[in-house]
Amino acid sequence: MDTTNLFRLDGRVALVTGGSRGIGKMIAAGFIAQGAKVYISSRKAAACEDAAAELGPNCIPLPQDVSTVAGCRALAEQLAEHEQRLDILVNNAGAAWGVPFEQFDEKGWDKVMDLNVKSPFFLTQALHEALKAAGSRDRPAKVINITSIDGLRLNPWDTYSYHASKSALIYLTKRMAARLIQDSINVTSIAPGAFASEMNRAARDHGDEVGRGIPAGRIGVDEDMAGAAIYLASRAGDYVVGDTIVVDGGLVNAALGVSIDA
């Protein structure tokens, strides 16, 4: 048994949506450090290009809005102009919406459900042939959906469509895995907890305070997220199929409940 290169990604081609900032950028940087060529996509072209310049020559920007099926197909076509295969797809682009129950509207529902649930499915579908071209029994291609601990537990905010979307994506991961394993494509998901990002401004702006409520005593850092993604993307994770890895410092599985004893 040789474990020397278990976590290396040399020669692999990856695409990370929402890769210009936050969790997507953490993952892209981790993949590049392990030897991968990484394409990053985001809706804002300037942000995408700036992030790629920061991450170095093995990071290529492909700006695209994947909130629609047409956008997903356009991104797949863009990638095909550069690559004949895709080893790793990270479906990270996402949105949140928080409005009190009485005012929660259709726009907030559809925006979140479209980007968080529909887009991972249709982008994977659009890239199916490229993923099949990369995958084999000995070295499967990988699809990693970025879900959330909010798909596993409640938060205290009025984020109705976000909760529903992340729960749906966790189960969609299982269903996609059951089909795509036939094509030597492993589908998994990562459910992050508190990481500093534009979406999680509480962790970004009040990290120490948020960290005090987490069993591990801190919020997540770049290496925590990159490590989980590298594991799933590399040879080390080749036998993991359909599962969701929770990366949250213990909030879901190690937080003590409130006692109801008198």
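Aspartate 224 turns out to be partly exposed, with a relative accessible area of 26%; the cut-offs are under 20% for buried, over 50% for exposed and partly exposed in between, using a 1.4 Å probe and protein chains only. Its side chain meets that of arginine 218 in a salt bridge, 2.8 Å from N to O, where a salt bridge is a side-chain nitrogen of Lys or Arg within 4 Å of a carboxyl oxygen of Asp or Glu. Arginine 218 counts as partly exposed too, at 42% relative accessibility. The model is a predicted one, so to speak of local features takes a pLDDT of at least 70 and side-chain atom pairs count only at pLDDT 80 or more, while totals for chains, interfaces and linings use all residues. Residues are numbered from 1 along each chain as its sequence is written, and side-chain values use heavy atoms, leaving out hydrogens and water.

Searching the whole structure gives 11 salt bridges. One of them pairs lysine 142 with aspartate 238, with the closest N and O atoms 2.7 Å apart. These partners are 96 residues apart, with lysine 142 in strand 5 and aspartate 238 in the loop between helix 9 and strand 7 (244-247); helices (H or I, at least four residues) and strands (E, at least two) are DSSP runs, numbered from the N terminus. Aspartate 238 counts as buried because its relative accessibility is 11%, and lysine 142 is buried as well. Aspartate 238 also meets arginine 235 in a salt bridge (4.0 Å, N to O), and arginine 235 is partly exposed at 46%.

Now for the nonpolar side. In soluble globular proteins, nonpolar side chains tend to be buried together. The largest nonpolar core here has 32 residues, and Ile27, Phe31, Val38, Ile144 and Ile190 have the most contacts inside it. Such a core is a set of buried Ala, Val, Leu, Ile, Met, Phe, Trp, Tyr and Cys residues joined through side-chain atoms within 4.5 Å. Helix 9 gives the largest share of this core, 7 residues. A second, separate core has 31 residues, including Ala134 and Leu169.

Threonine 17 sits in strand 1 and is buried, with a relative accessible area of 3%. A polar atom of its side chain lies 2.9 Å from the backbone nitrogen of alanine 93. Phenylalanine 101, by contrast, is exposed at 58%, in the loop between strand 4 and helix 4 (106-126).

Terms used. Polar contact = N/O pair within 3.5 Å; in protein donor to acceptor, adjacent residues only side chain to side chain.
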